[in-house]
Amino acid sequence: RRRAVWAPEVHFVKGNFYIAYSVTGLGTGLLRSQSGKVQGPYADVNGTNGPVTPGIDASLFVDDDGSVYFVYGSGSIARMKDDLSGLAEKPVRLRCIPADDVPEHHHPARPCVTDQFDHVGFEGAFLFKANGRYYLSGAERYFERYHCLTAESKTLRGPYSTRYVSVPYAGHNTFFQDANSRWWSTIFGNDPQ
């Protein structure tokens, strides 16, 4: 029951393939391809088969200077070691200012305390950069619909802007560019709409 790999993402970073993932009830992890091919086989980057962080929904972000960041949960971030074998710093939570303090804009089964209304979403954090701006997205039960919400910042660590619905009914997703530089989004649409 706790062995399911949840929300895996394949990333090509520093000349190799990595899979960021979480295991229900255990935490997040990162696997590195041992062959340099997307097919793998893969091995745990920290060699212990233990979690990189507690929580869920792991992702990677590479900044313009080549620094790689581990992003997870509702918007926690930490820079990784140069060899991607683990975290180089303690994770911090990225914040949206001003906070969205409308209760109907947050998941009813995961009520937020006042100091947590500043998250982008309750799960599925994803970070990308376009046109010189950082975009932080997350999934949220916004008016009881599972939307992708996004916030923007001029700096990596923020603060991020007020969040907005960017991809309706998309929930947890990733953003990427195709070969023609067009932006796309995956979706995890568990909403009947």
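How many bridges join β5 to strand β6 (residues 68-72), and in which sense do the two strands run? Four bridges join them, and the strands run antiparallel. Phe61 has Tyr69 as its bridge partner in β6. Five residues lie between β5 and β6 in this hairpin, and Gly66 in the turn has a positive phi of about 90 degrees.

Before going further, please keep in mind that this is a predicted model, in which local features need pLDDT of at least 70 and side-chain atom pairs count only at pLDDT 80 or more, while totals for chains, interfaces and linings use all residues. Residues are numbered from 1 along each chain as its sequence is written, and side-chain values use heavy atoms, with hydrogens and water left out.

Now let us turn to a sheet. Strands of a sheet pair through backbone hydrogen bonds, either parallel or antiparallel. Here four strands form an open sheet in the order β1-β2-β3-β4, with antiparallel pairing. The edges are taken by β1 and β4 (42-44), each of which has a single partner strand, so one side of each is left without a neighbour in the sheet. On average, neighbouring strands of this sheet are turned by 30 degrees against each other, direction ignored (axes are lines fitted to C-alpha atoms, and angles run from 0 to 180 degrees between N-to-C directions).

We can walk across this sheet strand by strand. β1 is joined to β2 (residues 16-23) by seven bridges, and Val13 has Asn16 as its bridge partner in β2. Next, β2 and β3 pair over six bridges, with Ala20 opposite Leu30 in β3. Three residues separate β2 and β3 in their hairpin, where Gly25 in the turn has a positive phi of about 80 degrees. Five of the seven residues of β3 (residues 27-33) are buried, so this strand is largely enclosed by the rest of the structure; buried means under 20% relative accessible area, exposed over 50%, and partly exposed in between, with a 1.4 Å probe and protein chains only. Finally, three bridges join β3 to β4, and Ser33 is partnered by Tyr42 in β4.

On a 1 Å grid over the protein atoms alone, a pocket is an open set of points where a 1.4 Å probe fits, with protein on both sides within 12 Å along at least five of seven lines, and lining residues have an atom within 4 Å of a point. A volume is the space filled by probe spheres set on the points, which are joined across faces, edges and corners. The largest pocket is lined by 17 residues, and His11, Leu60, Phe126, Leu127 and Phe175 lie nearest its centre. β1 (5-13), β5 (59-62), β9 (123-130) and β13 (175-177) each supply at least two residues of this lining.

The second largest pocket has a volume of about 250 Å³. Among the 17 residues that line the second largest pocket, Trp6, Ala7, Tyr146, His172 and Phe188 are the closest to its centre. β1 gives the most to this lining, with four residues.

Note on methods:
Pairing = 2+ DSSP bridges.
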